[in-house]
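How do the parts of a protein structure meet one another? The following paragraphs consider this matter step by step.

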Amino acid sequence: MAVGRFSLRAGSISDHILAGIPTIWLTVFFLAPLGFTVVFSFGRSTFGGVELGFTLNNYATALSGFYGAAFLRTLLFAATASGLCLLVAFPVAYFIARHTSRFRLLAITLVLIPYFSSFLIRVMSLTMLMSREGLLEKVLNTLHLHAGPLDLLDTQTAVFIGIVYAYLPIAVVPLVVVLDRIPKALTEASRDLGATRWETFLLVTLPLSRPGIATAIMLTAVPMLGEMVIPKLLGGSRGVLMGQALSSQYLQSQNYPLGSAMAVLVLLGVAVIVGLLAWITKGFAEVGR
Amino acid sequence: MMVERSYRGDWRDHAIDSGLVVWYLAAVIFLFAPIIAAIVYSFNLGVVNKQTAVLTGWTWQWYPAAWHDLSLRRSVSASLVVSFWSALISIVMGTLLGYAIVRHPSSKVRRFLAGFTYMLLIVPESVIGVSLLLFFAVTRFALNTVTLVAGITPMAIAVVALVIRARVLTLDREVEEAAADLGSTRVATLWLVILPQLAPAVAVGGVMAYTFSFDNLVVSAFLTTARINTLPVYLYGSLQYGPSPAVYAAAAAVFLFTMLLLALAVLIYWITRRPAAA
Amino acid sequence: MTRILCSNGSSLTRRSMLGLLGAAPAAASLTSIGLGASRAWAATGQLNIYSWPDYFSTADLDAYAKKTGVTPNISTYDSDDTMFAKVNSPAGSGFDIVIPGSSWIKQLAAKGLLEEIDHSKLDLGSLDPHLLNRDYDPGNKYSIPKDWGLLGVIYNPEAVGGEIKTWEDFFQAGEKPGVSGKIRMSDSGWETIGPELWLEGKDWNTVGEADIRKAAERLKSFAKHVKSFSGLDVNSLANGAIVLAQTNQAKARAAIGLNPKLKWVVPGPMSELWVDNYVLIKDAPNLEQAYDFLAFQLRPEIQLAETEYIGFPAPLAGLREKLGADVKDADLIFGGKDVDFSKLTSFVVNPETVGFYSQLQTEIQAAAG
């Protein structure tokens, strides 16, 4: 119902240009190379090269039992790790968004400052802190939460700790950004009407933060599917995750077509899952008016 | 810290409020511990020039050693340059993309853009790295800093776009429609009405894009050249034979340097704000 | 509406913050351009090397720079396979010297990526003959050894309850309680499966798919005892988190430096000798400079200094005697006093079989976790 020089209903040239700029950039530097990957997936490997052609052998191998199991295991891993990350991140984001006003900038800056240093160095330091006779063992022993040597490194637990560490701000940021916009008037009204704090949270705040939660899940769970570095540095490379399996095809076996076929399958599989989730939870819908 | 006073003010609410503060502080300590440890370990003597988990001695030697290792020094400077440009491009593209995903008039376009953005995150980095390498090979693009920056941007753009999108979803449509009613163009509305409301999301998204680019390992490993090498690639390679404390010194130095600049920026900001507050 | 358009509230809604947050990294990167970047873009006198990080002594690089005015520009990789992928692509152009492991030289040459070495320009006479003319590069047509290492086992004799002399001892020890769950094995398929192949008397370079798979079966059942396949952290050996590990002699030396109770052995019947080499890339932009650098690196005093810096022995003949008395555990640099070169073999990547090795490594790692 707009009258001015642009209408929010009909598309205008400037809309298309604004959307077009990133699209063109991404088409050149992402879509086109990806297209190559799809083409290569049908080719034959020449050990570090690809002979173009059409064969479905690569897909047959990629769909074999071993890789199917690896894919499912990776999905489970990412879902668990992402859930953990969100559990840790939500109270942090809630605190920043709704309990700090004058110090909000400081609060969120404190969470982001460590990220200005190199990630690998921090993971390597985390390794040293979690090793035997390291700081964590000393702290836990002093607090009587644990006795004796701490065998945390090269375990699944260490990997989860490392992943939560790595993805925490990525989960906190979208949550803060959305929780920040929930009007205090709404929660106050809920309390006025007699709801307890927990009920208010569950029935008012949580649903309104759906876009933030959906974004946080998207930004954590999906990249976790390709995670290679943390399972290697903190988990001793035990078990197999898709990130490592894919990379091994490209680098150690120099088999680009097989790696490409696996990549296409992963892409399709995850796209289907993400699409399903988004549709079921309608988590990406607008909550503004 | 101003803790919001709850409606009833009873002990349960105080407990929850205190719990939130404790949780937040614990998270901050958790996030800071490794970087502080890294700074401490940059002074460690190590054994046969390699880093050790136990502190074997206290020495300043690794800082000049890191400076003299030209390969390390250049990789640091390359990383800073690359991540700056990548962040800049990603902020601009990501904001445009994130906004368009929500506000583009055609729902088909919106769905396409959203799917496109998700795809940027779904594709594993090793696949992107190899595809870009092969793509540049076939199209005969010479590999240099530009291709390295361009290769890192897609994922950073996706991160910024999704953060912006989450924020735009909470914006009030009626304000934009009012602006349109008053005769504003799309671009003017974006610049004068939307962007100020998006500012926190853009700022934070920008920080995330910068740190993502700075720490990018897998794609960078494929796109570095004879002339340009980045810090994460250097660090990851040092894990094979064991890193020396010099790399910790380099990382600590870069961190402190960046913090200094940030503090300077905040200082300038506070000073320039004074007249407005008066 | 006015409130939103002329927002004066929380600092977070100020657009100017954007500019300032951008200023910090901007200033950081602009000032960093001066940090030693200028030399890399000098028009003359360049040398581009692709190597592991921190693999050249900074003192020697400085000495070379002082002598010739050229500072080598070193770019790094994190694994031999990444190195191969890059060199085999346009990303590899621009490099003059690359430092590949012995396993990849044959394939690099097969793809036409290497320049044949002109032996009239370099004097290899000072090098140990054991390290020259090996089957990964007969006649040293393409490569000159830079340093070498052995695949051996480091262990805690108390925990293991005895000595380890062969790979069979290694596997037996690994199943004991107190050792199981505290083992580190290699992340490369051939180093993991190799020991079983050697015990069966087979040659890992000529063996076929069926034999590789059969040998891998033992490794898959052994995998549950393994704690880590990632790079060995010497601290884990020192503090007892790992008591039995496959590794190279330099890591062993560092670990024994931290915990003298540990023991190192190169198990029989066979083990691996790997050599990191200098190779010249075809159509290298600075070929003459590369030869000059190599001649410099081959000088006995330089090889000595490099050995002390990186902890791996250079191929210089009689190096052991030349090492100063103050070098700790000097014998360990060479893998011990009595290393039998006839019981050492180098792996050569074979496109027909390397895929099986790496696939089986993935399956072995999966069986472990």
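A salt bridge is a side-chain nitrogen of Lys or Arg lying within 4 Å of a carboxyl oxygen of Asp or Glu. In this predicted model, three salt bridges are counted between chain B and chain A. One of the pairs that meets the rule is A:Asp180 with B:Arg167, whose closest N and O atoms are 3.1 Å apart. The count of residue pairs in polar contact between chain B and chain A is 11. On the side of chain B that touches chain A, the largest share, 18 residues, comes from helix 1 (residues 11-41) of chain B. Sorted by class, that side of chain B holds 80 nonpolar, 15 polar and 14 charged residues.

The size of an interface is often given as the accessible area lost when the parts come together. Between chain B and chain A, about 10300 Å² is buried, and carbon and sulfur atoms give 76% of this area. Here 109 residues of chain B are in contact with 110 residues of chain A.

An interface may also be examined inside one chain. Chain C is assigned domain 1 (19-149 + 274-333) and domain 2 (150-272 + 339-368), and the C-alpha centres of these two domains lie 28 Å apart. Domain 1 of chain C and domain 2 of chain C bury about 1900 Å² between them, with 61% of it on carbon and sulfur atoms. In domain 1 of chain C, the residues that lose the most area to domain 2 are C:Ser103, C:Trp274 and C:Leu332, which together make up 31% of what that side buries. Across this domain interface the rule finds zero salt bridges, while five residue pairs are in polar contact.

How values were computed: Residues numbered from 1 in each chain as written. Chains lettered and ligands numbered in written order. Predicted model: local features only at pLDDT ≥ 70, side-chain atom pairs only at ≥ 80, totals over all residues. Heavy atoms only, no water. Domains from an automatic or database assignment. Buried area = accessible area lost by both parts, 1.4 Å probe. Polar contact = N/O pair within 3.5 Å; in protein donor to acceptor, adjacent residues only side chain to side chain. Contact = heavy atoms within 4.5 Å. Helix = DSSP H or I, 4+ residues; strand = E, 2+ residues; numbered from the N terminus. Nonpolar A, V, L, I, M, F, W, Y, C, P; charged D, E, K, R; others polar.
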